[in-house]
Structure formats: C-alpha cells, structure tokens
Amino acid sequence: MILFALVAMPLLAGLVTWVVGDRRLGVGSAVAIGGVAGTLIVAIAAALEQPTHGLDWGGGLSLTFEVDPIARGPLVLVPLVALAVVVYASSYGESQGRARLLGLLSIFVGVMELLLIAGDLLTLIMGWELVGLVSWALIAHHWRGDAPADASHAFIVTRAGDLGLFISAGAVFATSGSLQFSGFGAFTDGGGAAVHVFVGGIVLAAFTKSAQLPFSPWLFSAMSGPTPASALLHSATMVAAGAYLLARLQPALDSVGWFGPLAIGVGLTTALAGGVVASVQSEPKKLLAASTSAQYGFMFVAVGAGYPAVAIAHLIAHGVFKALLFISAGAAIDASGSSRFEDMRLGRSHRTTAALAAVGALALAGVPPLGGAWTKEAVVAAAALESVWIGVFVVLAAVGSAFYATRFQLLAFGSRRVDEPAPTADRAEDSTELRNRSTTVLMLLAAATIALSLLWLPWGEEQLLKVTGGEFAASKLWEFVISIVAIVAGAGWAFLLWRRHRLLTPSGSPLSSVSDWFGIPAATKVGLVDPVLALAGWAARLDDRVVDAGIGRVSVGAQATSRLLARGDDRIVDAGIGRVSYGAQATSRLLARGDDRIVDAGVRGTAHFAAWFSRMLDRFAEYGVDRAVDGSGRLTGALGRQSRRIQSGQTHQYYALIAATSAALVLVLVLWS
Amino acid sequence: MNEVEQLSAPLAIVVVAAVLVVGVYVSSVVDVVAFRSVAGQRLRPGSAALFPARVAHRLSRQQSVRTERPDMILRVLAPAALLGLAAAAVTVIPLSPGIVVADVGTGIVLFGAAEALAIVAIFFHGWSPNSPFALIAGYRFVAVALSYELLSMFVLIGAAIPAESLSIGAIVESQAGLWNVIRQPLGLPLFLIVSLGVTFSGPLDLLDSNDLAGGGSVEDSGMQRLAWQTARHAMRIAFAACAAAVFLGGWHGPVLPGGLWMALKTFAVIALLGFLDVFVARISAERFVRVAWGVLLPLAFLNLLIAGVGAL
Amino acid sequence: MIDVAFVVFSVAAVASGYGVFRVDSMIRATYLLLASFLNVGAILVLLLAEYLGVALLFMMTVEMIVMGLFMVMFMMNPAGLNPMNMVHQPRFAAAAGVVAAAGVAVVAVFADFPVAPVDAESATTRELGIELLGGSMLVFESIGVTLLATMVCSVILSSATGRFGDGYEGSVAPALEPGGDHRPADDLYDPDAAGGMDMDMDMGDMDHGEMDMGGMDMGGMDMGGMDMGGMDHGEMDMGGMDMGDMDHGGMERDS
Amino acid sequence: MNLMTVLLVAAALIGVGVWGALAQQTFVMLMMGIEMMLNGVILAVAGFWAFAGAGLPKGQVLVILSMAVMAIELAIGFALVTAVYRARQADMTEGIGSLKG
C-alpha cells in the first residue's frame with residue numbers, strides 16, 4: 001500500500017498539475033509541491049518499515065516491489081531533492097508551459113521511485129524506460145529551439161544502453177526462468193555464457209544511464225533542458241539510476257571476474273576525463289554536467305571495489321550538493337541573463353546566493369567537514385583497499401574535482417574586478433524572484449549538505465551504516481592526509497590561475513575541443529544518433545527516390561541506346577556498303593578501258609555483274625541490318641516502358657499483383673511441405 | 001432458467017400474434033387518447049376506442065399512390081421487416097413465469113440486433129419511395145439512430161450484469177428482490193429515449209415528422225400506410241415489453257398472477273411512450289446528436305459502472 | 001433439420017454475396033452484403049457459437065448502416081436507376097476468385113482435420129466470457145486499445161478541418177513538382193500525375209470496354225479515373241434518370 | 001453439416017470476396033469485397049472451432065479477433081476514402097494513379 005502510494009502520489013499530482021495547466025498556476029504548483037512533499041513523507045515511512053509487495057503479471061512473470069537496504073537512502077533522497085527543485089521550478093522561467101514542467105518533474109519523481117522499489121528486472125525495466133522517457137520530455141521542454149534535437153540525442157544514446165538491459169533480461173529469463181533480483185545470485189554463481197551476457201548487458205545499461213565514458217556527452221545535450229530539469233536529472237533521478245542499479249546488483253555481478261576491473265577502469269577514466277573537461281568548460285551548467293560524470297565515476301569505482309554502500313553514500317551526498325549547485329547556477333544564469341562564465345561574477349550583487357553556492361562548491365571539492373568529503377574519503381579508502389595505485393588515481397581525480405569546484409565558485413560567484421571587461425550580456429531586469437524563491441530552496445539544500453557533515457561523527461557513520469546496510473572501508477590516516485593535500489593543491493592551483501585571469505579558457509583555444517568531451521559527441525552523433533534519425537526520413541523517401549526514379553531512368557536509357565544504335569548503323573554500315581559498290585564499278589570501268597575488244601564482252605559482263613551485285617548487296621544488306629538494329633532498340637525501349645507500367649499507382653493493379661503473388665506463395669508452401 | 005418451458009411452434013405463433021394484435025390496438029388507442037387530451041378535444045371513450053378500427057378500415061379501402069420508379073422490393077420489405085423484427089423481439093421476452101416463446105440464451109443481444117435491423121428497415125422505408133422528403137427523413141433518422149444505437153446496447157448489457165446471463169428470463173428472475181429500475185436508476189430513462197427513437201415518436205419524431213411534410217410516409221397511402229403504422233406500434237410493443245421485463249421486474253409483483261403484472265407494466269410503458277409522443281416537442285436532430293454522444297453515452301457508461309459495482 | 005437450415009442459410013449467404021457485386025442499386029448491394037452476414041451469423045448459431053452469431057448480426061447491421069450512407073455519398077447513380085457496370089480487369093478478377101475458392105475448397109475436401117466436435121451441452125457463451133476476461137484477457141484488452149486508436153486516427157484522417165489547416169488546404173492536390181503551384185481542385189487531371197501518356201493508353205485498354213453507363217459513352221471516363229472525381233456526382237446527369245435522386249446523392253455529401 | 005461443408009461455403013464466400021475486391025472500381029465496393037473475404041474467414045474459423053477444436057474458447061476469441069479486424073478495416077477504410085476524396089476528388093481506384101503525394 002505504501003509502495004503504491006509512493007509511486008502513485010507523485011504521478012497523480014503531476015498529471016493533475018499538467019491538466020490544471022498554466023491558467024491556474026497557483027493551484028498547479030501547490031498540487032505538485034504537495035504531492036512531492038507527501039511522497040517524501042511516504043518515502044521515509046517506506047524506508048523505515050521496508051514493505052514488500054507482489055503483483056502477478058501472468059505468463060510466469062510477476063512484478064515485485066520491495067525496499068532493499070541499498071535503496072533506502074535514494075528512496076528518501078529523490079523526493080527530498082525533488083521538493084527543492086519543484087519549489088524552485090514553481091518560479092522558474094516564463095510562466096508559459098510551467099505547468100507542464102512542474103507536472104513532468106513530479107511524474108519524474110514517481111517513475112524514479114518505481115525504479116527504486118523494483119524487486120525484479122521487469123519492474124526495473126519499466127521504471128528505467130519511464131525515467132528515460134520523462135527525461136526526454138523534460139529536456140525538450142523548450143521545444144521551439146533545438147532542444148528537441150538534443151533531447152532525442154540524449155534519449156537515443158540512453159536507449160541504446162537500455163538494450164543491454166533487455167538483453168540481460170532475456171539471458172537471465174532464458175536460463176533461470178525468473179526475473180527476481182533475489183534469484184540472480186544463484187544464477188550468476190551458476191556460471192555459463194548467459195551470465196557474461198547478463199552482466200555485460202547490465203553494465204552497459206548502467207554506464208549509458210549514468211553517463212560514463214564513452215557515453216558521457218549526452219549529459220551535455222541534456223543541458224538544453226530547463227535548469228530545474230537538469231538539477232533533478234543530474235542529482236538524484238536519471239543519472240543516479242545507473243549507479244543505483246550496479247550497487248543494487250553488485251553481489252550478483254561481482255561473481256563475474258571482469259566486472260570489478262571494468263567498473264573501476266571506466267569509472268576512474270570518467271572521473272579523470274570529466275575532471276579535465278570540467279576544468280576547461282566555459283559554461284557553469286556544462287561544468288556541472290561534466291562533474292556529474294566524474295562524481296559518478298567515483299561511485300562506479302566504489303562499486304567495482306566491492307563497496308556498494310559507499311557508492312550509495314556518495315550518491316546521496318552528491319545528490320544533495322549537486323542539486324544545490326545546479327540551482328545556484330540557474331540562479332546565476334537568471335541573474336546575468338547569459339549562460340557563459342564571462343558575464344557572471346555575481347559575487348557582489350548576489351551575496352547570499354554566492355555564499356550558499358559556496359557550501360555546495362566546498363562539498364564538491366570534498367573539503368572536510370562536509371558530507372561530500374567524507375563519502376569521497378570512503379571511496380578513496382575502498383579504492384586503496386583494492387590497490388594502492390587505484391587509490392592514487394582516485395586522489396588525482398579528487399584534485400580535479402577540487403580544481404573545478406573552486407573554478408565554478410570563482411567564475412560564477414567570484415567578485416568582478418575593475419580591470420576585467422564589463423559583461424556583454426545585459427543583466428536580467430528583475431531578479432526579485434531569484435532573491436526570494438530560489439534563495440529559500442538553496443538554503444534548504446545547503447542546510448541538508450551541512451547536515452550531512454554529521455557523517456564525520458561516529459554516530460552519523462553508524463547511522464549511515466544502518467541505513468545503507470553495507471560495510472565501509474576503514475579510512476587510513478595517510479589517505480586522509482594525501483587527499484587534504486590534493487584538495488589544497490587543486491583549489492590553490494585554481495586560485496593561482498584566478499589571480500592571473502587565466503582561469504577562464506578563451507573559446508578559441510584548443511582546450512575548447514577538450515571542453516566538449518574530446519569530440520566524442522561528434523562520434524556518437526555520427527555513429528549512433530544521426531543514423532537512427534536518418535533512417536526514418538530515408539525510409540520515407542525510398543519510394544520516390546529509388547523505385548520510381550530508377551525505373552524511369554531504365555526506360556529513358558533504353559530509348560536513348562536504341563536511338564544511338566539506329567543512327568550509328570545508318571552512318572557506318574550504309575557508308576561501308578556504298579563504298580564497296582563504288583570500288584567495284586571503278587575497277588570494272590578500268591578493266592573495260594584497259595583491254596582490247598577480245599574479252600570486252602566478258603569484262604563488261606563482269607563489270608555489269610559486279611555493279612549489279614554491289615547494288616543488290618547495298619539494298620538488301622543495308623535493309624536487313626538496319627531493321628535488326630532498330631528492332632533491338634525498339635524492343636529495349638518497349639521493355640523499359642513495360643517495366644515502368646508496373647508502377648502505375650493503380651490500386652487494383654497492385655491488388656492483382658498481391659493476389660497473384662500470394663497465390664504463388666501458397667502454392668510454393670504446399671509443394672514444399 | 002431450467003423451469004422455463006418452450007412453447008410449441010403453432011402455440012408460439014398464436015401467442016406472438018395475439019400479443020402484437022392486442023398491443024398494437026391498445027397502443028393506437030393510447031395515441032388517440034393522448035392526442036385528444038393534448039388537443040383539448042372532448043374525450044368520448046367509445047369513439048376513442050373505435051377510432052383505430054375506423055382509420056384502419058378507411059386506409060384499407062384507400063387506393064395506394066405509386067411514385068415514379070420506386071425501389072419496389074424495399075418498399076414492400078420495409079413494413080414487413082419492421083413488423084417481423086418486432087415479433088422476433090417479442091419472442092425472446094418472457095411473458096409470465098416460465099413462459100417464453102423462444103428461450104434464447106443470448107436474448108438480450110438478439111433484442112439489440114433486432115433493434116439495429118429495425119433501423120435498417122426504417123431507412124428502407126425512407127429510401128424506397130424515391131421521393132425527396134422521404135429520403136431526407138430516412139437519412140436524418142439513420143444519422144440520429146447511429147448516435148443512440150450504442151446507448152441501448154450498453155444499457156441492456158448493464159441490466160444483464162446482475163443476472164450474470166444474457167437471457168432475459170434470467171434477468172427477470174434476478175430482479176426478484178430489487179427491480180433494475182431502482183438498482184440502475186439510469187437504465188430505464190436511457191432505454192425509454194432509445195424506444196422513442198426507434199419508434200420515431202415524441203422528441204425523436206424525426207422520420208414521419210411534419211417538418212418534412214410527413215417525411216418517410218409522405219408517399220404512403222392505403223395499405224402501405226396502414227402496414228407501416230401497425231409495424232411502428234408493434235415496435236413500440238416490443239420495446240415496452242422489454243422495458244417491463246428488463247427494468248420493471250417483469251412478472252414479479254404481489255397478489256396478481258405474473259402474466260397480469262407483465263401486461264400491466266407493459267401497458268404502463270406503452271401509455272408513457274404514447275403520452276411522451278404527443279406531450280414532448282420535437283428536438284432538432286443535430287442538437288440531439290450532440291447530446292447523445294456528449295451526455296447520454298457517458299451516462300450509459302456511468303450506468304454500466306453502477307451495474308458493475310452493484311454486481312461486485 | 002439442422003442440415004436443412006444450414007443448406008438454406010449457406011445458399012442464401014453465397015447467393016446474396018454474389019448479388020452484392022451484381023446489382024446496380026448501391027443500397028441493395030450494401031444490404032445484400034448485410035444479408036450475407038446475417039446468414040453467416042445464423043450458421044454460426046447452428047455451429048453452437050450462439051453469442052458470436054448474434055453479435056455478428058448486431059455488429060454487421062450497424063456497420064452496414066454506415067456503409068450504406070457511404071455508398072450513397074461516394075457512388076454516382078446510387079439508386080441504380082440506370083444499368084451500370086463499373087469494373088476493371090474483370091476476367092482476371094473472376095479467375096482469381098475462382099482460384100481462391102478452389103484452393104480453399106481443395107483444402108477443405110482433401111486435408112484431414114482432427115475430429116473434435118464441441119459438445120452440445122457446453123455453455124459456449126459463458127466459456128467465451130470467462131476466456132475473454134481470463135486467459136485471453138491480454139488479447140481482449142489489446143483489441144480494445146486497437147479499436148480506440150482506430151477511432152482516433154479515423155477521426156483525424158477524415159476531419160475536414162484537420163490540425164494542419166482548414167479543409168481547403170486538404171482539398172487541393174499537392175504540387176506535383178517541388179516548388180510547383182497548388183492547382184485548384186477542379187482541374188486536377190495532369191498527365192504527369194498519372195505517369196505520362198501511355199498511362200492513359202493502358203488504362204484505356206483496360207477500362208473502356210467495361211465502363212459504360214446507361215448507354216452514354218464513357219470514352220472520357222477512363223481518364224475519368226482521374227477526371228471523374230472532378231465532376232460532382234450531385235450534378236452528374238445520367239441519361240434519363242430522375243434528378244430527384246441525384247440531388248440527394250449530392251446533397252448528402254455536401255451536408 | 002460437417003467441417004467440409006462449412007469450409008466449402010467459406011471457400012465460396014472468400015472467392016466471391018476476392019472477385020469483388022479485384023473487379024470493383026469504387027473504393028467502397030472494393031471494401032465490400034474485403035468484408036466478404038473476412039466473412040468467409042469468420043465462417044471457416046467458427047467451423048474449425050466447432051468441429052476440430054473441441055470447442056476451445058480460444059477459437060471463439062479468434063472469431064472475435066477477426067470481427068475486430070473487420071471493424072477496423074471498415075473504419076480506417078472509410079476515413080481514407082473521405083481523405084482521398086478531399087485531396088483528389090477521386091472515388092475510384094483510377095483516381096489516385098499519381099505516384100507522388
């Protein structure tokens with residue numbers, strides 16, 4: 001019952017909001033906020049008592065809903081973040097289409113909760129697909145621009161990954177005949193090729209969903225959605241699904257040898273690359289997007305190292321402060337009226353926002369005693385347990401995160417100095433909404449972020465242990481020291497560049513290509529998205545382009561060749577024959593003149609015969625050859641016309657063809673068997 | 001259902017014929033009474049009771065007009081088909097406890113089919129004389145009929161739900177405790193609307209209506225007209241009987257024998273239809289169509305919902 | 001008894017089915033088709049599929065009512081007051097029909113099917129109901145959804161003022177060469193449109209012969225295939241037929 | 001009345017349907033031909049159900065399925081006829097010979 005409410009409440013609230021529409025926005029936003037708040041309460045209740053519920057689907061399948069210990073944290077996190085986001089969204093942007101935005105956000109919460117309480121792969125796939133769909137709708141919210149294109153880019157990429165989920169579902173169902181998560185452990189221990197297929201599919205789906213390399217770029221496309229959508233999508237819902245899935249199934253997946261290394265490798269690569277990308281980004285939202293990929297890389301490392309609980313902990317902390325950062329970025333964009341760093345530096349004009357954003361930035365940088373720092377330490381510890389070098393690399397990635405966190409804070413909310421050029425874009429007229437609404441939201445989120453600092457206390461730690469129900473790697477002192485050094489190094493470096501005004505990468509520089517994920521998006525676009533999109537149009541044009549035109553050309557060509565042949569024949573053959581005859585006459589005349597009368601008659605006779613023969617030859621041969629060539633030409637032309645006739649566009653003729661063909665088919669089938 | 005006994009063929013024919021003849025006459029008398037009462041004429045029982053007979057007599061001797069190149073087959077077929085359908089519809093309705101002419105398991109659906117075919121017959125009536133007004137009337141009727149055809153089926157099915165059977169006998173028995181008219185308050189009104197429509201009377205008098213100078217019957221005269229009127233009244237009987245059986249609890253009732261109850265209820269419905277015929281003004285076709293699709297059909301769904309919930 | 005009924009019904013079904021494509025009056029054609037359906041429904045009842053038979057009765061009746069309206073809307077000479085014969089490729093069609101029938105008949109005669117008759121006592125209607133709402137629930141539901149989709153898209157297809165502008169937009173043929181102009185609806189005929197002159201020729205070969213209405217020579221009628229549409233059936237006059245009927249034909253479409 | 005006879009009747013109906021669908025020029029008549037084929041199909045299915053299917057309810061479901069097919073065919077067909085008439089003023093198959101939109 002609780003679980004049902006957990007999913008149904010936000011869905012209904014969202015639909016109601018959407019239906020109520022823009023005219024009565026007050027009601028709509030009230031409904032949406034209320035729905036999400038209610039969901040939060042229900043989620044807490046569900047997390048506390050962990051109910052399970054089964055639903056028989058038929059055909060041997062059944063939907064299972066349960067609250068796994070792993071899922072408890074995210075279960076509460078999603079509506080919590082969503083509440084803040086919805087409150088922010090209720091005053092975001094122009095009021096036109098806001099009801100849709102709010103409704104979709106609320107629906108988003110519902111489907112994500114469905115995904116979280118999934119107890120079997122079927123339910124999970126439902127939630128998974130729905131999440132992808134809703135995020136598509138959210139990204140395409142501003143449908144007038146090129147947002148739809150970006151949305152379909154993101155959608156198609158994630159969909160391509162979802163196929164993995166289907167494949168693994170097929171594998172496990174074909175082998176064990178059940179889709180229950182509980183049965184997966186036994187299934188994977190059983191071994192066999194199916195297991196590898198299964199794990200591969202799951203991992204693929206998870207990587208695409210949470211934007212690990214090489215699928216990261218779709219997050220940038222997702223940036224063309226409205227800010228609240230991005231905030232929700234990056235912090236707690238869409239992207240979180242992948243990490244959650246791996247953490248949830250980690251016990252089953254880990255039985256395959258290559259799972260751990262793969263997850264660690266990809267995660268680490270993404271973390272490092274994301275750090276680099278974020279360090280040269282020139283737009284706050286994209287910087288945050290890149291950092292999202294990087295942070296999720298941390299989580300994958302943790303899962304790969306065998307500590308799903310750590311990953312979940314980091315997911316929770318990250319969700320909170322990433323939402324905070326996104327909303328503050330949105331606030332900065334609203335205030336500066338531009339989406340680029342050049343026009344920002346709102347340190348003086350918006351002190352509160354800057355201060356609140358600073359909290360998030362510190363958490364992102366992993367500065368103790370904030371929660372984010374603690375979870376990152378846990379990741380480092382887990383990685384170091386796997387192997388020291390991995391730990392070192394994670395620390396390197398941490399340097400990156402410290403760097404870009406500082407960079408974000410300084411560029412967006414640093415104070416503009418006199419010698420800097422004035423912003424090009426004009427400031428948004430009234431940032432009053434900014435001041436009252438989003439500030440409260442930011443305060444809420446910042447409070448949550450700070451509250452997570454309790455993790456540093458032993459009490460908080462054991463609470464977290466209780467919630468996630470997993471164990472953590474004991475953090476060693478030297479790791480702590482190293483990462484503190486790393487943070488200081490990264491932040492200090494950023495400050496140094498800031499002093500030299502070199503923190504902001506000029507758009508023309510080679511770094512700008514790096515800032516676009518090293519051109520991977522082009523690759524995916526060419527390799528995956530464009531083909532899919534092109535397929536439709538191509539199929540549509542096939543008939544006109546190929547069939548009709550092709551047949552038309554055949555006939556035209558045929559006629560041309562026939563004409564050509566005819567003419568060539570006239571030229572060559574006739575002329576040839578003509579010359580033969582003239583030659584013959586000439587010789588005969590010569591002979592006639594040359595000799596005396598003795599053989600005159602005979603010779604004249606010969607001459608006459610030659611002349612006659614050549615004339616005959618001329619007439620008949622020419623006639624025959626001419627006819628033959630012309631005839632062949634006409635034949636080809638006629639064939640061309642006939643072949644075009646098939647394409648008459650006459651329905652009944654098509655029907656006739658269909659009837660004849662099907663009769664033939666039946667005949668073949670009968671004779672075959 | 002098991003104690004229902006089929007009537008033998010000849011007996012069945014006799015019964016149906018009797019029901020129809022009596023019913024038709026009564027229904028025409030009801031028409032006369034209703035008309036005179038609304039026209040404010042003085043009501044003399046004797047003449048009122050004899051009026052239909054007189055009309056029939058006059059029409060039977062009248063010569064029948066013939067239009068140019070009518071569709072003769074359909075012209076003859078139309079009244080015959082309507083009458084036959086009415087008879088067929090009556091056969092599936094149980095007349096008294098355990099006595100039903102033809103105990104069909106899917107009686108209610110059969111009734112619906114007969115009703116649909118009646119629409120066809122009525123369209124023939126408008127089509128066949130090859131006359132403008134008649135044709136317009138026929139089209140108008142069909143256009144409107146399509147909009148309440150679904151209605152009737154939903155209502156009847158709704159009545160069949162509590163009985164858990166499609167046989168009308170079972171439906172009647174299911175009303176032993178509580179009549180459907182109370183159990184499904186929306187059912188009877190909707191069904192009466194359909195009845196008005198198929199017997200093209202009252203607010204739905206869109207076939208033989210005066211605004212088309214007599215509409216479908218503009219060319220009718222003599223036996224043709226007589227047959228058509230008879231068939232129309234027979235249809236009314238069928239609907240009244242069905243309403244009585246399906247919604248008013250059929251033969252259930254205190255004291256009196258079941259057959260008598262059935263007759264009384266049928267008569268009550270006939271009288272109601274007859275008075276609605278003259279007391280309610282004609283509604284314009286397009287407006288009714290809008291109402292039918294927009295309001296009545298949802299109401300029928302609601303009725304179905306009520307029935308389903310009640311059956312749970 | 002049952003056999004007699006079966007013979008009667010089946011003969012009636014086939015005969016009326018044949019009549020559908022033989023009579024001139026469109027209304028008669030439609031309702032002959034209905035008659036054929038009714039007979040098949042009766043046969044279904046004989047086959048103990050009682051509900052199916054009656055449902056076929058009901059459904060087909062309503063369906064044919066609609067069909068009749070469309071027939072009158074879209075056919076010239078709906079009342080069949082003039083003899084007319086609008087067919088093409090008649091020999092091939094007849095041959096195809098015979099072949100199809102023969103094929104099925106051969107199967108019917110020579111194939112041996114399992115003999116497992118339904119027992120007369122079983123309550124088939126109840127079984128059907130339980131099956132529909134039980135095992136075959138999915139099928140049933142998908143039928144429902146499909147029908148819903150059908151309603152929606154038929155409304156969209158046939159609505160005069162679609163979502164892409166008003167009816168006039170739809171009533172003008174799209175330009176046949178890119179960038180070409182929109183020609184008004186009444187001179188739609190364009191040789192290019194039907195693939196060149198020889199198109200006309202072969203249509204001529206096919207249709208001239210078969211298509212002659214009430215003595216008036218339909219030589220122009222084959223390009224009429226394209227041209228025909230241009231002339232409004234309402235006004236189309238046919239040798240010596242009462243204008244009354246045609247007016248209804250036209251008026252029905254306009255209204 | 002046995003399976004063979006029923007199937008023979010069905011065969012006749014299907015044949016008539018094919019003939020009509022191929023020979024008729026008007027869209028509506030053409031659709032009538034298709035309806036006729038489906039009519040025969042329904043009869044055949046019911047025959048199989050009654051004589052060779054041991055009265056399995058699924059057979060009846062198949063009949064209902066083909067009824068639904070018939071209804072859909074009719075609805076979409078009429079919609080298309082109307083749309084084509086609007087676009088091309090054509091009511092016969094020869095009227096839409098053009099191979100472009």
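**Helix packing and contacts in a predicted model**

Modeller: In this predicted model, helix 1 of chain D and helix 2 of chain D cross in a left-handed manner.

Biologist: What makes the crossing of these two helices of chain D left-handed?

Modeller: The term applies if the near helix is turned anticlockwise from the far one by less than a right angle. The crossing of helix 1 and helix 2 of chain D is classed as left-handed, so that condition holds for this pair.

Biologist: Why is helix 1 of chain D called roughly antiparallel to helix 2 of chain D?

Modeller: The axes of helix 1 (residues 3–23) and helix 2 (residues 27–51) of chain D cross at roughly 165 degrees and come within 7 Å. Angles over 145 degrees count as roughly antiparallel, and therefore helix 1 of chain D is described in that way relative to helix 2 of chain D.

Biologist: What classes of residue make up the contact of helix 1 with helix 2 of chain D?

Modeller: That contact has 19 nonpolar and six polar residues, with no charged residues.

Biologist: How many helices and strands does chain D have?

Modeller: Chain D has three helices and zero strands; read along the sequence, the pattern is α-α-α.

Biologist: How do you know which residues of chain D count as buried, and what percentage do they form?

Modeller: A residue is buried if 20 or more other C-beta atoms lie within 10 Å of its own. By that criterion, 73% of the 101 residues of chain D are buried. For chain B, with 312 residues, 54% count as buried.

Biologist: How is chain B built from helices and strands?

Modeller: Chain B comprises 11 helices and two strands. Among its contacts with a separation of 6 or more, 81% join residues 24 or more positions apart; in chain D the corresponding value is 49%.

Biologist: Which residues form the contact between chain C and chain D?

Modeller: Chain C contributes 86 residues and chain D contributes 73. On the side of chain C, helix 4 (residues 90–110) supplies the largest share, 13 residues. By class, that side has 61 nonpolar, 20 polar and five charged residues.

Biologist: How do you know what confidence the predictor places in chain D?

Modeller: On a scale from 0 to 100, the mean pLDDT of chain D is 86, and 95% of its residues reach 70 or more. Among the elements of chain D, helix 1 has the highest mean (92) and helix 3 (residues 57–88) the lowest (87). The model as a whole scores ipTM 0.66 and pTM 0.54.

Note on methods:
Residues numbered from 1 in each chain as written. Chains lettered and ligands numbered in written order. Predicted model: local features only at pLDDT ≥ 70, side-chain atom pairs only at ≥ 80, totals over all residues. Contact = placed C-beta atoms within 7 Å. Helix = DSSP H or I, 4+ residues; strand = E, 2+ residues; numbered from the N terminus. Nonpolar A, V, L, I, M, F, W, Y, C, P; charged D, E, K, R; others polar. Axes fitted to C-alpha atoms, helices over the stretch in contact; angles between N-to-C directions. Parallel < 35°, antiparallel > 145°, perpendicular 65-115°, else oblique. Buried ≥ 20, exposed ≤ 12 C-beta atoms within 10 Å, placed from the backbone.
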